[in-house]
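Work through the exercises below with the structure open beside you. Try each task before reading its solution.

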Amino acid sequence: LSEMLRAAQAAALSDLCATDHCDLLDLDGGRVTGLDWAPILTQYQAARGDCPAGVKLRLGLELGGAPVDPDCAAAILSGADLDFVIGSIHNLSPAKGGKDFYFLDYTTPLRALLTGVAQAGRAIEVNTWCGRTVTQWQPLLELYRDCGGELITLGSDAHRPEDVGKGIAEAQELLRTVGFRYFTVYHRRTPQFIRL
């Protein structure tokens, strides 16, 4: 995490949010029942004490499949004072076999989903996948904006320091092109707006 922070400073990022993954279903649809926060918090506190100038370190979690077990999800989320939670769904429901979407051939109508996200005051993330996916987001961003969406977060999905921030500048330019004026970062799960 300390290396990630130095990479964030080199990439001229103002914020870095560590979002470890916790999916309540594994790749085959098996149940996951908890998260050991202790090593995550130990590393976070150590890195926070050595944060480079100009970079704010945020603590987050990517929680996948929370609807599978809302009580378990709530217990996991109560284990740390989080700035940001990515709610993701990587698997079909257990009733549909629980398989990871990666292994499926599917298409999804998105208007109703994005309208619901916008009306609930939730953000969507432009995930640049280490700079490999930026322009592909344009049709979805246009649709989200058309559905009333305003809250957008940016993430490079960097699992290695050398990928931190890749594609973020390009994603900001894409947001400007689509008509967004801000992107969003979170502090204690409250949105803060950064002008593009």
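**Exercise 1. Follow a chain of charges, beginning with the partner of Arg 160 at 3.0 Å.**

Step 1. Arg 160 forms a salt bridge with Asp 163, with 3.0 Å between the closest N and O atoms. A salt bridge here is a side-chain nitrogen of Lys or Arg within 4 Å of a carboxyl oxygen of Asp or Glu.

Before going on, note the ground rules. This is a predicted model, where local features need pLDDT of at least 70 and side-chain atom pairs count only at pLDDT 80 or more, while totals for chains, interfaces and linings use all residues. Residues are numbered from 1 along each chain as its sequence is written, and side-chain values use heavy atoms, leaving out hydrogens and water.

Step 2. Arg 160 also forms a salt bridge with Glu 162, the closest N and O atoms being 3.3 Å apart.

Step 3. Move on to Asp 163. Its salt bridge with Lys 166 has closest N and O atoms 3.3 Å apart.

Step 4. The structure holds eight salt bridges.

**Exercise 2. Find which residues of helix 3 are buried, and where they point.**

Step 1. Helix 3 covers residues 70-77. Helices (H or I, at least four residues) and strands (E, at least two) are DSSP runs, numbered from the N terminus.

Step 2. Cys 72, Ala 73, Ile 76 and Leu 77 are buried. Seen down the helix axis, these buried residues fall within an arc of 135°, so they line one face of helix 3. The arc is taken from the directions from the helix axis to the C-beta atoms.

Step 3. Turn to the face pointing away from the buried side. It carries the exposed residues Pro 70 and Asp 71.

Step 4. List the packing partners. The buried residues of helix 3 pack against strand 1 (15-23), helix 2 (37-48), strand 2 (56-64) and strand 3 (84-88). Contact means heavy atoms within 4.5 Å.

**Exercise 3. Which residues have the most contacts inside the largest nonpolar core?**

Step 1. Define the core: buried Ala, Val, Leu, Ile, Met, Phe, Trp, Tyr and Cys residues joined through side-chain atoms within 4.5 Å.

Step 2. The largest such core has 48 residues, and Leu 141, Tyr 144 and Ile 152 have the most contacts inside it. Its largest share, five residues, comes from helix 6 (residues 168-178).

Step 3. Check Leu 141. Leaving out residues up to four places away in sequence, Leu 141 touches Ile 124, Val 126, Ile 152, Leu 174, Leu 175, Val 178 and Phe 180.

**Exercise 4. Describe the aromatic pair of Tyr 144 and Phe 180.**

Step 1. Rings of Phe, Tyr and Trp (its six-membered ring) pair if their centres lie within 6.5 Å; planes under 30 degrees apart count as stacked, over 60 as edge-to-face and the rest as tilted. The count comes to three aromatic pairs.

Step 2. Tyr 144 and Phe 180 are stacked, at 6.4 Å centre to centre and 25° between the planes.

Step 3. Tyr 144 lies in helix 5 (residues 138-146) and Phe 180 in the loop between helix 6 and strand 6 (182-187), so the pair ties together parts 36 residues apart in sequence. Both Tyr 144 and Phe 180 are buried.

Methods
Buried means under 20% relative accessible area, exposed over 50%, partly exposed in between (1.4 Å probe, protein chains only).
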